[in-house]
Amino acid sequence: MANQAQKEAFYTEKLEDGDILKNFDDDGRSKRTGTLLTASAHIITAVIGSGVLSLAWAIAQLGWVTGTAVLLIFSFITYFTSTLLADSYRSPDPVSGKRNYTYMDVVRSHLGGFKVQLCGLAQYGNLIGVTIGYTITASISMVAVSRSDCFHNKGTHDHKLCSVSNYPYMSVFAAIQIVLSQIPNFHKLSWLSILAAVMSFAYSSIGLALSIAKVAGDGAHPKTTMTGTTVGVDVSGAEKIWRTFQSIGDIAFAYNYSTVLIEIQDTLRSPPAENKVMKKASLAGVSTTTMFYMLCGCFGYAAFGNKAPGNFLTGFGFYEPYWLIDFANVCIAVHLIGAYQVFAQPIFGFVESRCSKRWPESKFISSEYTIPVPFCGEWNINLFRMVWRTTYVVITSVIAMILPFFNDFLGLIGAASFYPLTVYFPIEMYIARTKLQKFSSTWVWLKILSWVCLVVSIVAAAGSIQGLATDLKTYKPFKNVED
């Protein structure tokens, strides 16, 4: 079909003729085929990402007590608010109401007004930031493979002798994303998410196993403390404060999937009710990732102590066995190739939907061209989709080349997005949907939760901004990036 309007007209005509279209749902869109398994895979792909790699560093800043407590608290908040958000997918009734296809649509249905624009700014700004962050992380992992081989072959751990530029690898990552970005929508991504989820489990397990082996080894064990890095020994007083704030942002980023929850839920077939399936998928996804986070973060801290690297697989806390470290970093790159698409597809869909409504008669925007692909059947090409998505990938890759700072960037994204998208909007929509009485006990504790999370997000953002400012003072663009 040339465009969505034609598809809806075709769907309506067929219904009037009494012809049941098995390839369409009741809203005229392509048949949803998502299940609990695919939704869980999407969530795990979105959640277990580059955030897991920085958890050993984050716990090193906070210590055993605060670090593990913060991890558990963020996991509980994320799961709780995701259940509120899942009930908001349909409105006004969570089971039989009208579908809302994006996070902005959900906010529009339940809250309206300027909050819709605020949501769009927070959501799409965060999604753009995540895709930039994933470009940085994937390139670092690709570089780590090359450097690991260099260390092994030359029999040295001298980083200067094995210096490798990130930029060619960022270009390779961008080229892959340009191809994958031509996948039309989220519904066609299930296979990629399942592959990415498997890869995330693989490299997390390898990192965990290497940490356990290091802890169980006969060598000297690094210093760990109940409160993390020691002032006057590991860091100065000011550094302790800023790093504590930044580590909170890193942990918030590690639970960053609310931005795509509605889009994931919109892939689910019904019956059973989408909100019930999504709650089960959220429980499975968040509990699984929390278990991995606790294991990777805590064993990583035990292995490296207060000197834990910012990225425990690419920061070369481990050098041997080099082949296993190489495999883990390849898994990271493959996972982030899929995760990039999970976070980029909502951006693509938003822009394309707005342009289709703005210029409905444009053949450049609406026309589809079928191209035969050997051994793969036919592939539908849309010129606007191809140009726009390619441009987006190129721009995000250039930004990643200019600002390749791993921990600070992740912390800032996590801090900026966690409060509005994971806490504020789900709570406000729940209050509006249930018509919760002001100053009732439930209303009061929900507001307290919201305000506390706001304060935490502000201090985490401050820590990450300070870290970025410090890095920028010494950074020279387009020179080799070591870690």
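## A buried threonine and its surroundings

At 1% relative accessibility, Thr81 counts as buried, where buried means under 20% relative accessible area, exposed over 50% and partly exposed in between, with a 1.4 Å probe and protein chains only. The structure is a predicted model, in which local features need pLDDT of at least 70 and side-chain atom pairs count only at pLDDT 80 or more, while totals for chains, interfaces and linings use all residues. Residues are numbered from 1 along each chain as its sequence is written, and side-chain values use heavy atoms, with hydrogens and water left out.

Thr81 sits in helix 3; helices (H or I, at least four residues) and strands (E, at least two) are DSSP runs, numbered from the N terminus. Not counting residues up to four places away in sequence, Thr81 touches Thr422, Val423 and Pro426, contact being heavy atoms within 4.5 Å. From C-alpha to C-alpha, Thr81 and Tyr424 are 9.0 Å apart in space, although 343 residues separate them in sequence. Ser82 also belongs to helix 3 (residues 55-86) and is buried at 1% relative accessibility. Leaving aside neighbours within four places in sequence, Ser82 is in contact with Tyr257, Leu261 and Ser282.

For the chain as a whole, the secondary structure comes to 15 helices and four strands. Of its 483 residues, 54% count as buried. Among contacts between residues at least 6 apart in sequence, 79% join residues at least 24 apart.

The interior can be described through its nonpolar cores, each a set of buried Ala, Val, Leu, Ile, Met, Phe, Trp, Tyr and Cys residues joined through side-chain atoms within 4.5 Å. The largest holds 107 residues, of which Phe74, Tyr103, Ile251, Tyr293, Phe343 and Phe425 touch the most other members. The contacts of Tyr103, not counting residues up to four places away in sequence, include Leu85, Cys119, Ile262, Leu421, Phe425 and Met429. Another core lies apart from the largest one and has seven residues, among them Tyr167, Met170, Ala400 and Met401.

Helix 2 (residues 36-47) and helix 11 (residues 322-358) pack at an angle of about 105°, with their axes 9 Å apart; axes are lines fitted to C-alpha atoms, for helices over the stretch in contact, and angles run from 0 to 180 degrees between N-to-C directions. The two helices are therefore roughly perpendicular to each other, on a scale where angles under 35 degrees count as roughly parallel, over 145 as roughly antiparallel, 65 to 115 as roughly perpendicular and the rest as oblique. Helix 2 contributes His42, Ile44, Thr45 and Ala46, which meet His335, Gly338, Ala339, Val342 and Phe343 in helix 11.

Turning to cysteines, Cys331 is buried at 1% relative accessibility, and Cys355 is buried at 14%. The structure holds zero disulfides, a disulfide being a pair of cysteine sulfur atoms within 2.5 Å.

Some backbone features fall in loops. Ser91 and Pro92 are joined by a cis peptide bond, with omega about 0°, and Pro92 lies in the loop between strand 1 (90-91) and strand 2 (98-99). The loop between helix 14 (406-434) and helix 15 (441-474) contains Lys435, which has a positive phi of about 50° although it is not a glycine. Lys435 is exposed, with a relative accessible area of 72%. Phe439 lies in the loop between helix 14 and helix 15; its phi is near 70°, a positive value in a residue other than glycine. At 62% relative accessibility, Phe439 counts as exposed.
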